[in-house]
Structures are given as structure tokens and as C-alpha cells.
Amino acid sequence: MEQDLVQTDKIRKGDSILQWSQWQLLDSILPTGGFAHSFGLEAAIQARIVSGPDNLKNFIIHLLENTGSLLLPFVYSTTTNPTLENWQKLDTILDAILTNEVGRKASVSQGSSLMRVAASVFTEVPSLKSMRDVSIGSGVVSFHHAPVFGLISGLLGMDSGTSQRAYMFMTMRDVISAATRLNLVGPLGAAVLQHQIAPVAEAMSKKWMDRPVEDACQTVPLFDTIQGCHGYLFSRLFCS
Amino acid sequence: MLFTGSGKRKERVGREIEMEKGKVVVEKVRRKSTVTRSFSKYPLKFIIPRKAGPSKTDAVWIYSLTYGGGIVSGDSISVEFTIGDGCTAVLTTQASTKVYKSLGSKCSEQVLEARIGSGALFAVIPDPVTCFATARYSQKQVFRLVSDSSLVVVDWCTSGRHESGEKWDFELYRSTNNIFAEDNQPVFLDTVLLEQSSPASIAERMHDYQVIAMVIIYGPKLKIVQDQVQENVKRMMSQQLHIPSTSLGHHAKTSSHNCLTRPAFIASCSVFGPKGIGVVVRIASTTTESVYRFLQHQLAGMEPLLGVSPYC
């Protein structure tokens, strides 16, 4: 009995330390290069799909829907089963799913940075570094962002509901941050917008949560067409 | 008893739905691509004209059609294609595939599974799918290739009978295109799902575009076509995309003004697969005709392979 209590206490202590790591994983100052990407927003502006705060809101809602249907299954699976084997398998599948080159490269560059940062920061989870080391030379892993994020979340003890919600949160945060730099909204307007969209983001997280990767699909196919145009832009601020 | 939109076919109920299997095998017979087996089950029918192009090109053309001119609620059509080593086959239609109104929550489905042999070319170049209001339709195409197979897939869907005001009014459209290389290695996995139940309606997500299309061009026989399409699309789009003078200032004009200047046709190309062996073009357009014109121009380079230029 007492043994059990000691054990629970230890886990709790471990949990509270892990919480600091979990928060750091979601912190926008974690240097993963998210600031270099606009999730197709810059191309959408130049295609006059987005021209002001009103259709910016719609753009973000549609982007979140597409993120939920396409990427949450990968976050879910790797969070609940954060093993080298499962992660590598899902990385290969996602590489075949992201057929839009701009989006695929953005996913790879953000995922690789996140894995590199995590391996050197979260030293309490040594398997992160070892998984990265084995994969880096193998050539079979592309380091796509969603499975890397799920893997780290899982290893940091985050539950899968939180990690999927967090993935939607980060997507929203990063696209809104891109919108401020593209001069579509000011910093205060951006904060108000983020708060307004939160209930919609929650509804979409719930809708697409806990699905198998076989269900991954695009629900806003227009975005792939538009984001694919990013390389054709004569002048641009962002990588994607 | 319930009768469907076409008035001819009896509605199939619940579990009684059976897979209507079709099968086509193309093999070399006296060094010419030849249909050696062709079998289809109602409501599907294949028409294989003896002569589709000049006799010196080695290609068979297969027309797929459905009785009643479309797909009825609850129809479940499944076809298997085998394109033997070195053969060329074209699968096409004579008009758009109409998916009629759904009865209840029933979904119609079409499944195509194809094996494409070494040095073979399979071109799936149909007219678009048009889903009527309330229709529910799901389509799945799986292509199994070896390292030197070639493949062209055009997969497209319109907003419905948009001339009569039906714009993205169907209930559900799902289209899956998967390509696997040897050892079941996934090369291209794509599923588009348009469902009315999301927070935003399908029409909102489409921003006034009435057609979405995807063109997959894969394999060694199509290198020239790939290069041309990439170059053409890049040139076309570079002219269309620019920083709008209104968006970067704080004096944005009304959104209706910006709608007018939005490109009526958007396309982008991406390379995929090992060593960039595939190219996928994604298109959004306000008219079906402009997509036909685009396909005509961009796939014209296939004429020497198919005998006739696609979509002419």
C-alpha cells in the first residue's frame, strides 16, 4: 500500500516536470522554423482568394478543417504508439500523401527542425536522440512534421486528445502569425481573431480526432492547388 | 417499390447490394496490344472499337458506359484492369458520369483496380463526374505499377448542374487515387472528401470555382509531356499571380472588386515519387470548358502513343 503511494507520488513528480517540457514543445519560441511558412496564405493573397480580415477568417477555418482531416490521424497514431517502427511507417505513408511539393517540403523542413531541437532539448527522453540518430542516416525517413510532433508528444507523456488539439492550435497560431507579417491584421486584431476561431477549431478537432491514418483525406482540395502555386510567385516572403 | 432517377433500374435495398464486377485484360497478341478478356456486369458496359486511331499506333481504346447514362443511388460498380507488359490501353467515357440523387443515406460507389505491366501505358482519361443535388458518391482507383510502367489519370468533378443553379449541392463526394510500386510501396496516396456536414459548406470551400481536377502523369514514356506541362503551367500562373495593390495597404477595397480579378483558372504542378518520376497537376476552374481546353493542349503530346490526341 505504502509502496503504491510512493510510486504514485514519483509518477506525479515526473508528470509535473514533464508538463514543463510539454509546454515548451508548444511554445512559439522553440526554434523549429514555423515562422518561415504561411500555409498557402501568401499564395492565396496573390491569387486574390484572401483580401482582408473577413476572408482571412474563412481561410483559417478551412485550413484547420483540412489540417484536421489530413494530419490529425498521423498525430493521433504516433502519440498513442510512439515507437520507432510506427513513426517510420507513418512517415513513409505521409510522404506519399503530401503530393503537393510546396506543402511536402514545408512539412519536411519543419519536422526535421522539430526533431533536431527535441533531441537536444528533451534529454530526459533519451530515445528521441537515439531514434533521430538511427533514422538520419537510413534515408527511409523524411521527418514529416505531424508524425514527428505526435512522436515527441507521446514520449513526453501527453495524452492523444491534448496532442491533437495542440497540433491544431499550433497550425492556427502559425498561420495567424503569418497573416500579421503579411499585413492582413494587426497584432491585437490577430489575438482577437485567434480567440474567436478557438471554438470552431475545437469543434473541428473533435470531428477529426482519433481517426486511423487510412481515413486521412483532403477536405479543402482548392488549398493544394493554391499552395502549389507558391513557387510561381514572383516576389514572396515565406517558404510555403 | 422504389424507382430511381433513370426510371429503369430497380433500387437495391440494404444488404442486397452486390459488387458488379467487370474485368478487362489487355495483352500482346501478334505484337499488338489486344483486349483478350472483357467482361462487364449490368449497369456497366465496355465498348471496344476495333479501330480508334491510325493502325501504326499500338493502343486499345476502351469506352466505359453505364446504362441510364449515369450512376444511380446504391449502385456499386467494380472493375479490374490488367495491362500486360509493353501494352498501351486507354480508358475513357463518351460523356460526363452523372451521379443521380441519392435515396436516403445510400452511397453509390465505383472501384477500379489496375495492374500495369513493365513498359506498359495505361491512360484513364474520362469526362468529369457530375453529382446532382443530394447525391452521395465514392470512387476509389488503385494502380499497381512496376518501375517502368507509365500512367496517366485524369480525375475531375464539377459542382453539379451548375447551369440550372445546382452548385456543390451534393451530399458527399469522395475520390481516392492510390499508386503503389513493387512490394506494395506507396508512391501516391490521395483522397479528396467533399461532405456537406462540415462547419463550412462545400460551396464556401470552393470559392466560386465550379470544377476541380487532378492530372497524374507518371512514368518514363511521359517525360516530354511532364516537362511541357510543368513549363506551361508555370508560365500561365506566373502571369496570373501578383501582389494585389489593395491587400498590402490598409485601404482595402470592397471584396466584390477583388472577386472580379481572381483568376478564373488556377493550376499548379508538383513532382512526386522516387527520382521525381511523377507529376501531378491540380486545377480549379470556373468553367468545365476551360479544363477541357487545358487537357487538350497539355496532353496533346500523347498522340503518338495513343493514336488520337486525348479530349479532341
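Thr134(B) sits in the loop that links β11 (129-131) to β12 (136-145) in chain B, where strands are DSSP runs of E with at least two residues and helices are runs of H or I with at least four, both numbered from the N terminus. With a relative accessible area of 32%, Thr134(B) is partly exposed; the label covers the range between buried, under 20%, and exposed, over 50%, using a 1.4 Å probe and protein chains only. Setting aside neighbours within four places in sequence, Thr134(B) touches Lys101(B), Ser102(B), Asp169(B), Phe170(B) and Glu171(B), contact meaning heavy atoms within 4.5 Å. Glu166(B) lies 32 residues from Thr134(B) in sequence, and their C-alpha atoms are 10 Å apart.

A word on the ground rules. The model is predicted, with local features needing pLDDT of at least 70 and side-chain atom pairs pLDDT 80 or more, while totals for chains, interfaces and linings use all residues. Residues count from 1 along each chain as written, chains are lettered from A and ligands numbered from 1 in written order, and side-chain values use heavy atoms, without hydrogens or water.

Now let us turn to chain A. Chain A has 10 helices and zero strands. Its radius of gyration is 18 Å, close to the 18 Å that the globule rule gives for 240 residues, so chain A is as compact as a globular protein of that length; the radius is taken over C-alpha atoms, and the rule is 2.2 Å times the number of residues to the power 0.38. Of those 240 residues, 57% are buried.

How do its helices pack? The axes of α3 (residues 53-80) and α7 (residues 145-155) of chain A come within 7 Å and cross at roughly 30°. That makes α3(A) roughly parallel to α7(A), since angles under 35 degrees count as roughly parallel, over 145 as roughly antiparallel, 65 to 115 as roughly perpendicular and the rest as oblique. Among the residues that meet here are Leu71(A) and Phe74(A) from α3(A) and Phe149(A) and Leu151(A) from α7(A).

The second pair is α5 (residues 101-121) and α6 (residues 126-138) of chain A, whose axes come within 8 Å and cross at roughly 135°. α5(A) and α6(A) are therefore oblique to each other. Met115(A), Arg116(A), Ala118(A) and Ala119(A) of α5(A) make the contact with Leu128(A), Lys129(A), Met131(A) and Arg132(A) of α6(A).

How values were computed:
Axes are lines fitted to C-alpha atoms, for helices over the stretch in contact, and angles run from 0 to 180 degrees between N-to-C directions.
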